[in-house]
Amino acid sequence: MSSINRKWIFLLVCLSLLILLPPVSQTLDESYLISSMTRVLIFAMAAISLDLIVGYGGMVSFGHAAFVGLGAYTAAILSFHINDGSPLFTMPFAYDGTNQLWAVLLVAIGVAALVATLTGMISLRTHRIHFIMITLAFAQMLYYLFISLDYYGGEDGLPMMGRNQIPLIDSGDDTSFYYFCLLVLILFIILARRLVGSHFGRVLQGCKYNEKRMQTLGFNTYRYRLTAYVIAAMGAAVAGVLLANKTEYVDPGLFSWHLSGELLVMVILGGMGSIYGAVIGAIVYLLLEQIFSAYTEHWMILLGPVLILVVIYARHGIYGYLQKLNQNA
Amino acid sequence: MPDILLSTENLCKSYAGLRANHNLNLQLLRGEIHALIGPNGAGKSTAVAQLSGELASDSGRIIFEGRDITRMAVHARARAGVSRSFQVTSVFDEMSVLDNLALAIQAHHGHSYRFWRAAKKDRFLNTQANTLADQFGLEQAHDLLAGTLAHGEKRQLEVAMTLAGNPSLLLLDEPMAGIGPGGSKKLTELLDALRGRYTVLLVEHDMDAVFALADRISVLVYGEIIATGSVDEIRRDKKVQQAYLGEVC
Amino acid sequence: MLLFFEQLLNGLQFGFMLFLLSAGLTLVFGVMNLINLAHGSFYMVGAYVAATVMLASGSFVLALLVALLVAAACGLLVEVIVLRHLYRRDHLDQVLATFGLILFFNEATRMIWGRQPLFMQLPEFLSSTVEVIPDVPYPLYRLVIIGVGLAVALGLYLLINHTRLGMRIRAGASDRSMIAALGVNIRWLYSLVFALGALLAGFAGVMAAPIFAVESGMGESILILTFVVIVIGGIGSIKGALLGALLVGLVDTLGRAFLPDLLQWLFTTSSANSIAASLASMSIYILMAAILAFKPRGLFPV
């Protein structure tokens, strides 16, 4: 069997497992599994978007959670206003918010793109460690901004009155919502894989390997990197919208550097620069978290050292390891 | 009236007070292979980086095809037709030979804000990349990762990449660096085949290659050009013999 | 006006505390090219140990000494066990591994000291006030912090510019292979520099313990400020760290103190307060973004 076939079989098995999860967990009477796997799927989307810039563009953003937070708050705020009856803004026209998922997604993507363009224009002038730090700083800025927005709950966060409406789907039903998220994740994977294989993707990777060379070849690397940064932010915002819908609650913690760090961990753990790795990383990280926390409330004391070991010994992540197995087999 | 492709007027560059290039006046005629030689630390690489735009010049002007490009960004110069190779091989080790070349061609072929179709299936890029690879003796290596090539082949790829997109000016920074006599003879032949079709500024230490290839030579010593002329003129030049060639010939 | 001077002193005090943290962080980056997110953990360890020893013994001096020792020892252990493997790795790996260290340290303090924050009493001889400005009593302890910061800055300057060790540190920062060629044991040098950084962070923790609540995770919020400091100052530059720390300390303190009044005076609306609060907490990040936009490598690039 060729290694390419094995890869597809592996992916198909994973997909079938994910599809079969709801009926199986219901039979086993463990329906909390559906809810926690929905969370995993959503984080996988965020991790994919981060992998685009970290794994393919070489831009280590330590503030990616900010865009997840922006997406989540967009959903919560729009829903808050439609329930509250107060207009979100009155100029240039009155707008009361919305509860329709597609509209929420559009707004969230727009907001994320705008913020990413503005912050990216400054951040991308810097490189390496400065880039890490400035993305962190921008995320912190948003974190404090949302803490101070008392109208939207400030530090306590903002609950959502029920999920957004999705055409043809009962979004309130956890199983339907799970399948919807699975669908979006598959869409994410397809889009991301196309993107990294496209002309744009090749330029992005070139910028990662040797930006100076790319410039002397004639690429305006700044603009290409900025575009990638904005695309990644839009992806994270979509994940944020779904996350808010899943928990029906948002709080400034979504912008925290802790979450940004966790997203990076997922990407690295799974194996960066492969898209599939980001998905695997999200699954494994969140599962580890659950398993450890089942044993002890102090699960982070285990997770911390595991991370360190992964960084020191498993440099290409889980997907890299699987690929190696596949090639050797 | 000779046809001047590029000229510099009193181009200067210093690092932290240290003079790298002083009042550089260089004229490249269209179609010539112009060698820039000089002892180590004479400012040759600095000059190339100034022309390509990687280093901003402190003063002076660069005129290319009648346009002042002194303040033009690196990528814009490349798209305008100034293409360079690096002394330290700068191919993309993680990509195949063809992908390296395709990427270089892509830079000159419209924009790359194309997000959906697979770049690897782009017929136009692939054909061009194939041609370029074959032209530079890499016909056996199309699908090898550039990082796995032998050093000489890497140098060939390095130069081949600068030819993508039909530039009008090639800035070759020590293309023969570290490849030994055999490789250097092969690369000399490959470069000789370009004569007349491109204007080449050749920075090189390998004097056999310089004498075999150059139409004209400029000698750079401590940031200043002390002589420009044909191979014979340079060989006969007393100042050059004193400053530089005396040790070699 | 008096209030302004008082806040100015507060800003300086906060700035010097940030400097204690930044100096170690920037030194470690300059010499080992290592980015250490867990630097704040040594600060936390210093604060916890000091608070505990103070509570048990009642002696501030003893608390200080034990805390410094433990912080430096923690630093040494972390360097030998984990970070030594990461010097040659790229920053991404370092970020992740030290992120793991943070999780570990935070949880460890929670296991040892519980979730309730500790509070540390000031000893008698430090809890008085002095009138630096006539009629405005100012806490002596805050002045002591300023003094300590100045002393450390001076000490580091002397250490780096006028001692053999400092010469090696400077050489190590500019050219790793050269210093190895000189026969200096680079491993030992790195461990020493790292422990020194941890000690300074622990020192900052001790200084902070009587002012802030000592709790798990206290290292992170201040660590991010510390990163802002060294990025503004230019990573690897002690001079930059000092300037950046004072700048951040002043902007943050003065912003919090005066922005609300200023905005109220401008807008006289009820929302001015909440806008001012968010602007004040964002001010240093805006400062950093502004500086990096013009000087992408900080004020004193190394």
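**Interface, aromatic pairs and salt bridges in the predicted model**

At 12% relative accessibility, A:Arg163 counts as buried, where buried means under 20% relative accessible area, exposed means over 50% and partly exposed lies in between (1.4 Å probe, protein chains only). The model is a predicted one, in which local features need pLDDT of at least 70 and side-chain atom pairs count only at pLDDT 80 or more, whereas totals for chains, interfaces and linings use all residues. Residues are numbered from 1 along each chain as its sequence is written, chains are lettered from A and ligands numbered from 1 in the order in which they are written, and side-chain values use heavy atoms, with hydrogens and water left out.

A:Arg163 takes part in a salt bridge with A:Glu248, the closest N and O atoms being 3.7 Å apart; a salt bridge is here a side-chain nitrogen of Lys or Arg within 4 Å of a carboxyl oxygen of Asp or Glu. This pair links distant parts of the chain, with A:Glu248 in the loop between helix H9 (221–247) and strand E2 (249–250) of chain A and A:Arg163 in the loop between strand E1 (158–159) and helix H6 (174–197) of chain A, 85 residues apart; helices (H or I, at least four residues) and strands (E, at least two) are DSSP runs, numbered from the N terminus. A:Glu248 is partly exposed, with a relative accessible area of 28%.

Over all chains, the whole structure holds 26 salt bridges. Within chain A, the side chains of A:Arg225 and A:Glu211 meet in one of these, at 3.3 Å from N to O, and the pair links distant parts of the chain, A:Arg225 being in helix H9 and A:Glu211 in helix H8 (residues 211–217), 14 residues apart. Both A:Arg225 and A:Glu211 are buried. In chain C, C:Asp93 and C:Arg89 form a salt bridge with their closest N and O atoms 3.1 Å apart, and both of these residues are buried as well.

The contact between chains A and B (contact means heavy atoms within 4.5 Å) involves 27 residues from chain A and 34 residues from chain B. The two chains bury about 2,800 Å² between them, 63% of it on carbon and sulfur atoms, buried area being the accessible area (1.4 Å probe) that two parts lose on being put together, summed over both. Of the area that chain B buries against chain A, 23% is supplied by B:Tyr113, B:Phe115 and B:Trp116, more than by any other three residues.

Between chain B and chain A there are 15 residue pairs in polar contact, both residues being at pLDDT 80 or more; a polar contact is a pair of N or O atoms within 3.5 Å, of which, within protein, one must be able to donate a hydrogen and the other to accept it, and residues adjacent in sequence count only if both atoms are side-chain atoms. Helix H2 (74–80), strand E7 (82–85), helix H3 (97–106) and helix H5 (151–163) of chain B each supply at least two residues of the side that touches chain A, and H3(B) gives the most, with 5 residues. By class, this side of chain B has 16 nonpolar, 8 polar and 10 charged residues, with Ala, Val, Leu, Ile, Met, Phe, Trp, Tyr, Cys and Pro counted as nonpolar, Asp, Glu, Lys and Arg as charged, and the others, Gly among them, as polar.

The count of salt bridges between chain B and chain A is 3. The side chains of A:Lys212 and B:Glu54 meet in a salt bridge at 3.6 Å, N to O, and A:Lys212, B:Glu54, B:Arg84 and B:Asp173 are linked in a network of salt bridges.

A:Phe62 and A:Trp257 form a tilted pair, 6.0 Å centre to centre with 45 degrees between the planes. A:Phe62 lies in the loop between helix H2 (32–56) and helix H3 (65–84) of chain A and A:Trp257 in helix H10 (residues 257–270) of chain A, so the pair ties together parts that are 195 residues apart in sequence. Both residues, A:Phe62 and A:Trp257, are buried.

A:Trp257 also forms an edge-to-face pair with C:Phe99, 6.3 Å centre to centre with 85 degrees between the planes. Because A:Trp257 lies in helix H10 of chain A and C:Phe99 in helix H4 (residues 91–113) of chain C, this pair joins two chains. The relative accessible area of C:Phe99, which is buried, is 1%.

Note on methods:
Rings of Phe, Tyr and Trp (its six-membered ring) pair if their centres lie within 6.5 Å; planes under 30 degrees apart count as stacked, over 60 as edge-to-face and the rest as tilted.
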